[in-house]
Amino acid sequence: MRGVITQIVVGSPPSVACPVIELRSAGKLHVFDEKSVTVHLKKAFVSDGKFWLVFTGEVEVGKDMEVALFGRPAEQRCTLALESPASGITRFFRKDFRSDHKLPRDIFLDVVVQDAPAAYVAAMPTKMVVPAPFPKNLPPPPGMRVGPAVKKLEMRHPTLVTLCTRVRWIPATNIRGSVYEHPAKYFLDTDWTEMENTFIRQFCKTREKTPLAPVLPPAPQKKTRILSEKQEFLLSIIVGALEKKGITLAALGKSISDWIDHGTEIAQSEAANSLSEVFPSEVECAEIVALPEADLSETEHKLLPLLCIPAIRGKLLLSKYISTTEPLILQMQADLSGLTLSLAAATRDENLPRFLLFCLRLGNAVNFRYSELENASEARGFLLSSLPAFAKSFGESLVQEKYVSMLAFLVVALRNAVDFGKILATFKFFKTLQIKTLAEQVLFIKKGMDGVVLSSDFPGKKEKVGYFIHLINEIDTCLTDTHEKLATISKKYADVPDTFVTSVSLALDALEEVSHLFQ
(Lines give C-alpha, C1' and ligand atoms only; values in the text may rest on other atoms or scores of the structure.)
Protein backbone atom coordinates (compact mmCIF):
# COMPACT_ATOMS: atom_id res chain seq x y z
CA MET A 1 0.00 0.00 0.00
CA ARG A 2 1.31 3.43 -0.94
CA GLY A 3 1.69 6.12 1.74
CA VAL A 4 0.73 9.80 1.63
CA ILE A 5 1.45 12.61 4.05
CA THR A 6 -1.83 14.13 5.27
CA GLN A 7 -0.77 16.33 8.21
CA ILE A 8 2.24 18.03 9.70
CA VAL A 9 2.10 19.23 13.32
CA VAL A 10 4.71 21.52 14.90
CA GLY A 11 4.62 21.77 18.70
CA SER A 12 6.20 24.78 20.47
CA PRO A 13 6.94 26.42 17.11
CA PRO A 14 9.42 29.27 16.62
CA SER A 15 8.14 32.81 17.16
CA VAL A 16 7.97 34.31 13.67
CA ALA A 17 5.74 36.97 12.14
CA CYS A 18 4.43 35.04 9.10
CA PRO A 19 5.04 31.30 9.54
CA VAL A 20 5.67 29.18 6.45
CA ILE A 21 6.20 25.41 6.06
CA GLU A 22 7.73 23.96 2.91
CA LEU A 23 7.42 20.24 2.17
CA ARG A 24 9.59 18.78 -0.57
CA SER A 25 8.82 15.24 -1.66
CA ALA A 26 9.29 13.25 -4.87
CA GLY A 27 10.77 16.26 -6.60
CA LYS A 28 7.76 18.48 -5.85
CA LEU A 29 7.63 21.52 -3.56
CA HIS A 30 4.53 22.23 -1.46
CA VAL A 31 4.32 25.57 0.38
CA PHE A 32 1.85 26.24 3.21
CA ASP A 33 1.24 29.54 5.01
CA GLU A 34 -1.66 31.21 6.86
CA LYS A 35 -3.42 31.95 3.55
CA SER A 36 -3.35 28.36 2.29
CA VAL A 37 -6.66 26.46 1.92
CA THR A 38 -7.52 22.81 1.38
CA VAL A 39 -9.48 21.36 -1.56
CA HIS A 40 -12.58 21.81 0.61
CA LEU A 41 -11.82 25.55 0.93
CA LYS A 42 -10.95 25.26 4.63
CA LYS A 43 -7.86 26.67 6.33
CA ALA A 44 -4.88 24.45 5.58
CA PHE A 45 -2.58 26.20 8.07
CA VAL A 46 -3.86 26.63 11.62
CA SER A 47 -1.82 28.31 14.39
CA ASP A 48 -3.03 28.74 17.97
CA GLY A 49 0.25 29.97 19.49
CA LYS A 50 1.24 26.54 20.84
CA PHE A 51 0.95 24.49 17.65
CA TRP A 52 1.11 24.78 13.87
CA LEU A 53 -1.27 22.31 12.20
CA VAL A 54 -0.94 21.86 8.44
CA PHE A 55 -3.41 19.85 6.36
CA THR A 56 -1.16 18.86 3.45
CA GLY A 57 -3.82 17.01 1.50
CA GLU A 58 -2.28 13.88 -0.02
CA VAL A 59 1.44 14.35 -0.63
CA GLU A 60 3.07 11.12 -1.76
CA VAL A 61 5.96 9.73 0.23
CA GLY A 62 9.08 9.81 -1.92
CA LYS A 63 12.84 9.96 -1.74
CA ASP A 64 14.89 12.97 -0.54
CA MET A 65 12.01 14.35 1.52
CA GLU A 66 12.57 17.58 3.44
CA VAL A 67 10.57 19.97 5.65
CA ALA A 68 11.61 23.62 6.13
CA LEU A 69 10.28 26.07 8.74
CA PHE A 70 10.77 29.80 8.36
CA GLY A 71 9.05 33.14 8.63
CA ARG A 72 8.65 35.96 6.17
CA PRO A 73 10.36 38.26 5.33
CA ALA A 74 13.36 37.18 7.46
CA GLU A 75 13.72 33.82 5.65
CA GLN A 76 15.50 32.19 8.60
CA ARG A 77 15.15 28.59 7.44
CA CYS A 78 15.40 25.54 9.67
CA THR A 79 15.33 22.31 7.67
CA LEU A 80 14.61 18.71 8.63
CA ALA A 81 15.29 15.66 6.46
CA LEU A 82 12.52 13.03 6.34
CA GLU A 83 13.98 9.63 5.52
CA SER A 84 10.92 7.72 4.26
CA PRO A 85 8.67 8.13 7.31
CA ALA A 86 6.64 5.04 8.16
CA SER A 87 2.85 4.88 8.19
CA GLY A 88 1.43 6.41 11.33
CA ILE A 89 2.96 9.25 13.31
CA THR A 90 6.68 9.93 13.22
CA ARG A 91 7.98 12.47 15.72
CA PHE A 92 11.13 14.56 15.29
CA PHE A 93 12.79 16.77 17.92
CA ARG A 94 15.07 19.81 17.99
CA LYS A 95 18.22 17.69 17.67
CA ASP A 96 16.94 16.26 14.35
CA PHE A 97 16.98 19.66 12.58
CA ARG A 98 20.04 20.52 10.53
CA SER A 99 20.25 23.98 12.13
CA ASP A 100 18.60 24.25 15.55
CA HIS A 101 20.18 27.38 17.08
CA LYS A 102 17.10 29.52 16.36
CA LEU A 103 14.49 26.93 17.43
CA PRO A 104 12.77 26.61 20.83
CA ARG A 105 14.32 23.98 23.09
CA ASP A 106 11.11 21.90 23.39
CA ILE A 107 10.03 21.99 19.73
CA PHE A 108 8.82 18.80 18.03
CA LEU A 109 7.47 17.98 14.58
CA ASP A 110 4.96 15.19 13.81
CA VAL A 111 4.49 13.79 10.30
CA VAL A 112 1.24 11.86 9.79
CA VAL A 113 1.38 9.26 7.00
CA GLN A 114 -1.71 7.30 5.94
CA ASP A 115 -2.49 4.72 3.32
CA ALA A 116 -3.21 6.33 -0.03
CA PRO A 117 -6.60 5.80 -1.74
CA ALA A 118 -6.72 3.06 -4.38
CA ALA A 119 -7.13 5.52 -7.27
CA TYR A 120 -4.17 7.50 -6.03
CA VAL A 121 -2.05 4.36 -5.77
CA ALA A 122 -2.87 3.35 -9.34
CA ALA A 123 -1.54 6.65 -10.62
CA MET A 124 1.74 6.41 -8.68
CA PRO A 125 4.93 4.95 -10.23
CA THR A 126 5.30 1.21 -9.65
CA LYS A 127 8.99 1.41 -8.75
CA MET A 128 8.46 3.72 -5.75
CA VAL A 129 9.57 2.29 -2.44
CA VAL A 130 6.68 2.61 0.02
CA PRO A 131 6.80 1.88 3.77
CA ALA A 132 4.94 -1.06 5.26
CA PRO A 133 1.18 -0.66 5.88
CA PHE A 134 -0.10 0.68 9.18
CA PRO A 135 -3.57 0.55 10.77
CA LYS A 136 -5.91 3.20 9.44
CA ASN A 137 -7.23 4.28 12.82
CA LEU A 138 -4.29 6.45 13.76
CA PRO A 139 -4.07 7.82 17.30
CA PRO A 140 -3.59 11.56 17.70
CA PRO A 141 -0.05 12.77 18.35
CA PRO A 142 0.85 12.61 22.08
CA GLY A 143 -0.10 15.76 23.93
CA MET A 144 -1.91 17.27 20.93
CA ARG A 145 -4.83 19.53 21.72
CA VAL A 146 -5.16 21.32 18.40
CA GLY A 147 -8.38 19.52 17.43
CA PRO A 148 -10.70 21.75 19.50
CA ALA A 149 -8.82 24.83 18.37
CA VAL A 150 -9.23 23.85 14.70
CA LYS A 151 -12.93 23.13 15.20
CA LYS A 152 -13.48 26.52 16.81
CA LEU A 153 -11.63 28.30 14.02
CA GLU A 154 -13.69 26.53 11.36
CA MET A 155 -17.02 27.26 13.11
CA ARG A 156 -16.24 30.95 13.64
CA HIS A 157 -16.98 33.31 10.78
CA PRO A 158 -13.66 34.37 9.27
CA THR A 159 -14.63 37.95 8.35
CA LEU A 160 -17.58 39.09 10.54
CA VAL A 161 -17.85 39.87 14.25
CA THR A 162 -20.97 40.80 16.25
CA LEU A 163 -21.57 44.07 18.07
CA CYS A 164 -23.75 42.37 20.70
CA THR A 165 -22.60 41.64 24.21
CA ARG A 166 -22.23 38.01 25.27
CA VAL A 167 -25.35 35.99 26.17
CA ARG A 168 -24.52 34.79 29.69
CA TRP A 169 -26.67 31.67 29.76
CA ILE A 170 -26.07 28.36 31.51
CA PRO A 171 -25.59 25.60 28.87
CA ALA A 172 -27.53 22.36 29.37
CA THR A 173 -25.33 19.40 30.21
CA ASN A 174 -27.80 16.76 28.97
CA ILE A 175 -30.19 17.35 26.03
CA ARG A 176 -31.44 13.78 25.70
CA GLY A 177 -35.23 13.74 25.43
CA SER A 178 -35.42 17.55 25.16
CA VAL A 179 -36.45 19.72 22.24
CA TYR A 180 -32.75 20.20 21.43
CA GLU A 181 -32.24 16.51 20.61
CA HIS A 182 -34.34 16.59 17.42
CA PRO A 183 -34.59 20.25 16.41
CA ALA A 184 -35.98 19.39 12.93
CA LYS A 185 -39.40 18.77 14.48
CA TYR A 186 -39.70 22.43 15.46
CA PHE A 187 -37.09 24.25 13.44
CA LEU A 188 -36.03 24.48 9.79
CA ASP A 189 -32.58 25.53 8.58
CA THR A 190 -34.18 27.89 6.04
CA ASP A 191 -35.88 29.77 8.85
CA TRP A 192 -32.56 30.29 10.61
CA THR A 193 -30.83 31.37 7.37
CA GLU A 194 -33.26 34.24 6.96
CA MET A 195 -32.93 35.28 10.59
CA GLU A 196 -29.13 34.98 10.44
CA ASN A 197 -28.98 37.31 7.43
CA THR A 198 -31.12 39.84 9.28
CA PHE A 199 -28.88 39.52 12.35
CA ILE A 200 -25.74 40.07 10.24
CA ARG A 201 -27.16 43.23 8.65
CA GLN A 202 -28.11 44.75 11.98
CA PHE A 203 -25.52 43.55 14.49
CA CYS A 204 -22.32 42.51 12.67
CA LYS A 205 -19.32 44.28 11.25
CA THR A 206 -16.17 43.26 9.46
CA ARG A 207 -13.70 41.49 11.73
CA GLU A 208 -10.47 43.40 12.04
CA LYS A 209 -7.45 41.17 11.77
CA THR A 210 -4.62 42.35 13.94
CA PRO A 211 -1.43 42.06 11.94
CA LEU A 212 1.38 40.20 13.62
CA ALA A 213 4.20 42.51 14.49
CA PRO A 214 7.53 41.39 13.04
CA VAL A 215 9.99 39.99 15.53
CA LEU A 216 12.76 42.56 15.69
CA PRO A 217 15.95 42.42 17.70
CA PRO A 218 15.89 44.58 20.84
CA ALA A 219 17.03 48.12 20.28
CA PRO A 220 20.49 48.79 21.66
CA GLN A 221 20.41 50.63 24.95
CA LYS A 222 22.54 53.66 25.56
CA LYS A 223 23.50 52.40 29.02
CA THR A 224 23.50 48.91 30.46
CA ARG A 225 21.92 48.97 33.92
CA ILE A 226 24.22 47.49 36.54
CA LEU A 227 22.11 47.99 39.67
CA SER A 228 18.48 46.93 39.82
CA GLU A 229 15.82 49.62 40.19
CA LYS A 230 14.97 48.45 43.73
CA GLN A 231 18.63 48.43 44.76
CA GLU A 232 19.20 51.91 43.32
CA PHE A 233 16.08 53.21 45.07
CA LEU A 234 17.16 51.88 48.49
CA LEU A 235 20.69 53.20 48.02
CA SER A 236 19.36 56.64 47.09
CA ILE A 237 17.29 56.74 50.32
CA ILE A 238 20.31 55.88 52.51
CA VAL A 239 22.60 58.32 50.68
CA GLY A 240 19.97 61.06 50.92
CA ALA A 241 19.57 60.50 54.68
CA LEU A 242 23.35 60.80 55.14
CA GLU A 243 23.48 64.00 53.08
CA LYS A 244 20.78 65.57 55.28
CA LYS A 245 22.97 64.86 58.31
CA GLY A 246 25.96 66.42 56.55
CA ILE A 247 27.84 63.12 56.20
CA THR A 248 29.43 62.28 52.86
CA LEU A 249 30.08 58.74 51.67
CA ALA A 250 33.79 59.54 51.49
CA ALA A 251 33.76 60.48 55.19
CA LEU A 252 31.81 57.32 56.04
CA GLY A 253 34.34 55.18 54.15
CA LYS A 254 37.24 56.88 55.97
CA SER A 255 35.51 56.26 59.32
CA ILE A 256 35.21 52.54 58.51
CA SER A 257 38.87 52.33 57.43
CA ASP A 258 39.98 54.10 60.64
CA TRP A 259 37.93 51.64 62.68
CA ILE A 260 39.72 48.73 61.03
CA ASP A 261 43.21 50.29 61.24
CA HIS A 262 43.05 52.05 64.62
CA GLY A 263 39.94 50.70 66.38
CA THR A 264 38.13 54.07 66.48
CA GLU A 265 34.34 54.16 66.64
CA ILE A 266 32.42 54.30 63.34
CA ALA A 267 30.42 57.49 62.87
CA GLN A 268 26.83 56.70 61.85
CA SER A 269 27.24 52.94 62.29
CA GLU A 270 23.49 52.40 61.74
CA ALA A 271 23.74 54.02 58.30
CA ALA A 272 26.77 51.83 57.50
CA ASN A 273 24.78 48.73 58.51
CA SER A 274 21.83 49.74 56.31
CA LEU A 275 24.20 50.47 53.43
CA SER A 276 25.81 47.03 53.68
CA GLU A 277 22.44 45.28 53.16
CA VAL A 278 21.91 46.78 49.67
CA PHE A 279 25.51 47.52 48.69
CA PRO A 280 26.56 46.33 45.21
CA SER A 281 28.48 43.09 44.90
CA GLU A 282 32.21 43.15 44.27
CA VAL A 283 31.66 42.45 40.56
CA GLU A 284 29.10 45.27 40.31
CA CYS A 285 31.47 47.63 42.14
CA ALA A 286 34.21 46.89 39.61
CA GLU A 287 31.79 47.42 36.68
CA ILE A 288 30.61 50.77 38.05
CA VAL A 289 34.18 52.00 38.59
CA ALA A 290 35.14 50.92 35.05
CA LEU A 291 32.29 52.83 33.35
CA PRO A 292 32.74 56.42 32.14
CA GLU A 293 31.12 58.92 34.50
CA ALA A 294 28.80 60.07 31.72
CA ASP A 295 27.17 56.61 31.65
CA LEU A 296 26.59 56.43 35.41
CA SER A 297 23.24 57.10 37.06
CA GLU A 298 22.94 59.72 39.79
CA THR A 299 23.10 57.12 42.58
CA GLU A 300 26.05 55.30 41.02
CA HIS A 301 27.88 58.63 40.65
CA LYS A 302 27.35 59.37 44.37
CA LEU A 303 28.70 55.92 45.28
CA LEU A 304 31.97 56.42 43.39
CA PRO A 305 33.94 57.91 46.36
CA LEU A 306 33.01 54.88 48.45
CA LEU A 307 33.65 52.37 45.66
CA CYS A 308 37.20 53.65 45.21
CA ILE A 309 38.09 52.39 48.72
CA PRO A 310 39.66 48.89 48.37
CA ALA A 311 37.44 46.01 49.52
CA ILE A 312 34.78 48.42 50.78
CA ARG A 313 32.01 45.82 50.55
CA GLY A 314 33.93 43.40 52.78
CA LYS A 315 34.62 46.19 55.28
CA LEU A 316 30.94 47.12 55.42
CA LEU A 317 29.95 43.48 55.99
CA LEU A 318 32.52 43.11 58.76
CA SER A 319 31.43 46.31 60.53
CA LYS A 320 27.78 45.28 60.40
CA TYR A 321 28.57 41.77 61.62
CA ILE A 322 30.58 42.97 64.60
CA SER A 323 28.14 45.73 65.57
CA THR A 324 25.18 43.32 65.57
CA THR A 325 26.95 40.20 66.86
CA GLU A 326 29.13 41.57 69.67
CA PRO A 327 26.20 42.49 72.01
CA LEU A 328 24.61 39.12 71.26
CA ILE A 329 27.81 37.26 72.12
CA LEU A 330 28.20 39.19 75.40
CA GLN A 331 24.61 38.36 76.37
CA MET A 332 25.11 34.68 75.50
CA GLN A 333 28.29 34.57 77.60
CA ALA A 334 26.37 36.04 80.56
CA ASP A 335 23.51 33.55 80.08
CA LEU A 336 25.84 30.57 79.84
CA SER A 337 27.81 31.75 82.87
CA GLY A 338 24.61 32.06 84.92
CA LEU A 339 23.42 28.70 83.66
CA THR A 340 26.70 27.05 84.65
CA LEU A 341 26.43 28.44 88.18
CA SER A 342 22.78 27.44 88.43
CA LEU A 343 23.50 23.91 87.24
CA ALA A 344 26.29 23.57 89.81
CA ALA A 345 24.01 24.83 92.61
CA ALA A 346 21.13 22.62 91.42
CA THR A 347 23.42 19.60 91.35
CA ARG A 348 24.41 20.20 94.99
CA ASP A 349 20.88 21.00 96.18
CA GLU A 350 19.24 18.52 98.56
CA ASN A 351 16.06 20.43 99.42
CA LEU A 352 14.18 19.71 96.19
CA PRO A 353 14.99 15.95 96.19
CA ARG A 354 13.84 15.66 99.84
CA PHE A 355 10.62 17.55 99.03
CA LEU A 356 9.90 15.40 95.95
CA LEU A 357 10.33 12.18 97.94
CA PHE A 358 7.76 13.39 100.48
CA CYS A 359 5.47 14.29 97.55
CA LEU A 360 5.88 10.76 96.16
CA ARG A 361 4.95 9.19 99.51
CA LEU A 362 1.91 11.43 99.93
CA GLY A 363 0.82 10.81 96.32
CA ASN A 364 0.95 7.04 96.80
CA ALA A 365 -0.94 7.41 100.08
CA VAL A 366 -3.72 9.30 98.32
CA ASN A 367 -3.80 7.26 95.13
CA PHE A 368 -2.99 3.77 96.43
CA ARG A 369 -2.66 3.06 100.15
CA TYR A 370 -5.78 4.93 101.28
CA SER A 371 -7.62 4.95 97.95
CA GLU A 372 -11.14 3.65 97.53
CA LEU A 373 -10.15 2.18 94.13
CA GLU A 374 -9.11 -1.45 94.35
CA ASN A 375 -7.26 -1.44 91.04
CA ALA A 376 -4.95 1.48 92.00
CA SER A 377 -1.17 0.95 91.79
CA GLU A 378 1.81 2.51 93.51
CA ALA A 379 4.08 4.93 91.57
CA ARG A 380 7.86 4.75 91.77
CA GLY A 381 8.43 8.37 90.77
CA PHE A 382 6.89 11.37 88.95
CA LEU A 383 7.98 14.24 86.71
CA LEU A 384 8.65 17.74 87.99
CA SER A 385 5.98 19.01 85.61
CA SER A 386 3.42 17.01 87.69
CA LEU A 387 4.02 19.03 90.85
CA PRO A 388 1.10 21.42 90.04
CA ALA A 389 -1.18 18.35 90.27
CA PHE A 390 -0.72 18.41 94.08
CA ALA A 391 -2.11 21.97 94.08
CA LYS A 392 -5.23 20.68 92.31
CA SER A 393 -5.73 17.77 94.73
CA PHE A 394 -7.96 18.92 97.64
CA GLY A 395 -9.20 17.22 100.75
CA GLU A 396 -11.53 18.30 103.54
CA SER A 397 -9.50 18.66 106.75
CA LEU A 398 -11.22 17.12 109.74
CA VAL A 399 -9.09 19.33 112.01
CA GLN A 400 -9.37 22.71 110.26
CA GLU A 401 -12.84 21.97 108.85
CA LYS A 402 -11.96 23.36 105.42
CA TYR A 403 -10.62 22.12 102.11
CA VAL A 404 -6.83 22.09 101.85
CA SER A 405 -4.69 21.31 98.79
CA MET A 406 -2.12 18.56 99.12
CA LEU A 407 0.64 21.00 98.07
CA ALA A 408 -0.29 23.41 100.85
CA PHE A 409 -0.40 20.51 103.27
CA LEU A 410 3.10 19.41 102.21
CA VAL A 411 4.58 22.92 102.51
CA VAL A 412 3.15 23.47 105.98
CA ALA A 413 4.23 20.02 107.15
CA LEU A 414 7.79 20.36 105.73
CA ARG A 415 8.62 24.05 106.13
CA ASN A 416 10.94 23.28 109.03
CA ALA A 417 12.61 20.35 107.23
CA VAL A 418 12.87 21.83 103.69
CA ASP A 419 14.15 25.30 102.77
CA PHE A 420 11.59 26.22 100.09
CA GLY A 421 13.04 29.72 99.67
CA LYS A 422 16.38 28.22 98.75
CA ILE A 423 14.70 25.97 96.18
CA LEU A 424 13.22 29.03 94.43
CA ALA A 425 16.54 30.88 94.58
CA THR A 426 18.54 27.92 93.24
CA PHE A 427 16.31 27.10 90.28
CA LYS A 428 14.94 30.56 89.37
CA PHE A 429 17.46 30.95 86.52
CA PHE A 430 15.80 28.08 84.66
CA LYS A 431 12.55 30.07 84.37
CA THR A 432 14.14 32.69 82.10
CA LEU A 433 16.46 30.40 80.13
CA GLN A 434 15.78 28.88 76.73
CA ILE A 435 18.48 26.37 75.73
CA LYS A 436 16.98 26.05 72.23
CA THR A 437 17.22 29.82 71.75
CA LEU A 438 20.91 29.77 72.68
CA ALA A 439 21.58 27.04 70.10
CA GLU A 440 19.70 28.99 67.41
CA GLN A 441 21.70 32.13 68.23
CA VAL A 442 24.97 30.23 67.81
CA LEU A 443 23.84 29.01 64.37
CA PHE A 444 22.87 32.58 63.42
CA ILE A 445 26.30 33.89 64.47
CA LYS A 446 28.11 31.15 62.54
CA LYS A 447 26.06 31.79 59.39
CA GLY A 448 26.88 35.50 59.50
CA MET A 449 30.56 34.70 59.97
CA ASP A 450 30.53 32.54 56.81
CA GLY A 451 29.45 35.56 54.73
CA VAL A 452 32.20 37.72 56.23
CA VAL A 453 34.91 35.10 55.64
CA LEU A 454 33.90 34.67 51.98
CA SER A 455 34.10 38.42 51.27
CA SER A 456 37.25 40.03 49.89
CA ASP A 457 40.34 40.20 52.12
CA PHE A 458 41.93 43.40 53.38
CA PRO A 459 44.52 44.31 56.03
CA GLY A 460 43.16 43.95 59.56
CA LYS A 461 40.35 41.57 58.62
CA LYS A 462 42.14 38.42 59.76
CA GLU A 463 42.73 39.74 63.29
CA LYS A 464 39.15 40.89 63.86
CA VAL A 465 37.62 37.78 62.32
CA GLY A 466 40.00 35.53 64.27
CA TYR A 467 38.99 37.14 67.58
CA PHE A 468 35.29 36.51 66.94
CA ILE A 469 35.93 32.96 65.73
CA HIS A 470 37.70 32.36 69.07
CA LEU A 471 34.65 33.73 70.96
CA ILE A 472 32.27 31.58 68.92
CA ASN A 473 34.33 28.45 69.61
CA GLU A 474 34.32 29.23 73.34
CA ILE A 475 30.54 29.64 73.35
CA ASP A 476 30.14 26.43 71.33
CA THR A 477 32.30 24.51 73.80
CA CYS A 478 30.46 25.99 76.79
CA LEU A 479 27.10 25.16 75.22
CA THR A 480 28.18 21.55 74.64
CA ASP A 481 29.34 21.27 78.27
CA THR A 482 26.05 22.79 79.42
CA HIS A 483 24.07 20.18 77.47
CA GLU A 484 26.04 17.41 79.17
CA LYS A 485 25.43 18.86 82.64
CA LEU A 486 21.77 19.42 81.81
CA ALA A 487 21.45 15.79 80.75
CA THR A 488 22.94 14.70 84.08
CA ILE A 489 20.66 16.81 86.28
CA SER A 490 17.54 16.05 84.20
CA LYS A 491 18.27 12.34 84.70
CA LYS A 492 18.50 13.02 88.44
CA TYR A 493 14.89 14.21 88.36
CA ALA A 494 13.66 11.45 86.00
CA ASP A 495 13.33 13.87 83.08
CA VAL A 496 15.02 14.55 79.71
CA PRO A 497 17.04 17.66 78.69
CA ASP A 498 14.46 18.78 76.11
CA THR A 499 11.68 19.16 78.70
CA PHE A 500 13.61 19.61 81.97
CA VAL A 501 13.74 23.42 81.86
CA THR A 502 9.99 23.61 81.19
CA SER A 503 9.29 21.11 83.97
CA VAL A 504 11.33 23.13 86.47
CA SER A 505 9.48 26.30 85.47
CA LEU A 506 6.07 24.64 86.08
CA ALA A 507 7.19 23.29 89.45
CA LEU A 508 8.49 26.69 90.59
CA ASP A 509 5.24 28.37 89.52
CA ALA A 510 3.30 25.93 91.70
CA LEU A 511 5.56 26.59 94.70
CA GLU A 512 5.36 30.37 94.27
CA GLU A 513 1.56 30.17 94.58
CA VAL A 514 1.95 28.80 98.13
CA SER A 515 5.04 30.85 99.04
CA HIS A 516 3.01 32.61 101.77
CA LEU A 517 3.10 29.33 103.69
CA PHE A 518 6.91 29.04 103.71
CA GLN A 519 7.17 30.75 107.15
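Strands here are DSSP runs of E with at least two residues, while helices are H or I runs of at least four, each numbered from the N terminus. This is a predicted model, in which local features need pLDDT of at least 70 and side-chain atom pairs count only at pLDDT 80 or more, although totals for chains, interfaces and linings use all residues. Residues are numbered from 1 along each chain as its sequence is written, and side-chain values use heavy atoms, leaving out hydrogens and water.

Is Val 59 buried or exposed? Val 59 counts as buried, because its relative accessibility is 4%. Buried means under 20% relative accessible area, exposed means over 50%, and partly exposed is in between, using a 1.4 Å probe and protein chains only. Val 59 and Val 113 are 54 residues apart in sequence, and their C-alpha atoms are 9.2 Å apart in space.

Five strands form an open, antiparallel sheet in the order 4-5-1-9-8. Strand 4 (45–47) and strand 8 (88–93) are at the edges with a single partner strand each, so one side of each has no neighbour in the sheet. From one strand to the next, the twist averages 15°; the axes behind such angles are lines fitted to C-alpha atoms, and angles run from 0 to 180 degrees between N-to-C directions. Two strands are said to pair if DSSP finds at least two bridges between them. Strand 8 and strand 9 (residues 108–115) run antiparallel and are joined by six bridges, and Ile 89 stands opposite Val 112 in strand 9.

Strand 2 (residues 18–25) pairs with strand 6 (residues 65–72) in the antiparallel sense over seven bridges. Ile 21 has Leu 69 as its bridge partner in strand 6, and Leu 23 has Val 67. Towards strand 3, which runs antiparallel to strand 2, there are six bridges, and Arg 24 has Leu 29 as its bridge partner. Strands 2 and 3 form a hairpin with two residues between them, and Ala 26 in the turn has a positive phi of about 55°. Why is strand 2 largely enclosed by the rest of the structure? Because six of its eight residues are buried.

How far apart are the end C-alpha atoms of helix 9, residues 312–348? They are 53 Å apart, which agrees with the 54 Å that its 37 residues should span at 1.5 Å a residue. That expected span is 1.5 Å times one less than the number of residues. Helix 9 has a kink of about 30° at Thr 325, shortly before the proline Pro 327.

Thr 482 sits in helix 15, residues 461–492. Thr 482 is buried, with a relative accessible area of 3%. Not counting residues up to four places away in sequence, Thr 482 touches Leu 336, Leu 339, Thr 340, Leu 343 and Ile 435, where contact means heavy atoms within 4.5 Å.

Finally, the whole protein: there are 16 helices and 13 strands, and 36% of the 519 residues count as buried.

Technical notes. Bend = angle between axes of the 7 residues up to and from the residue.
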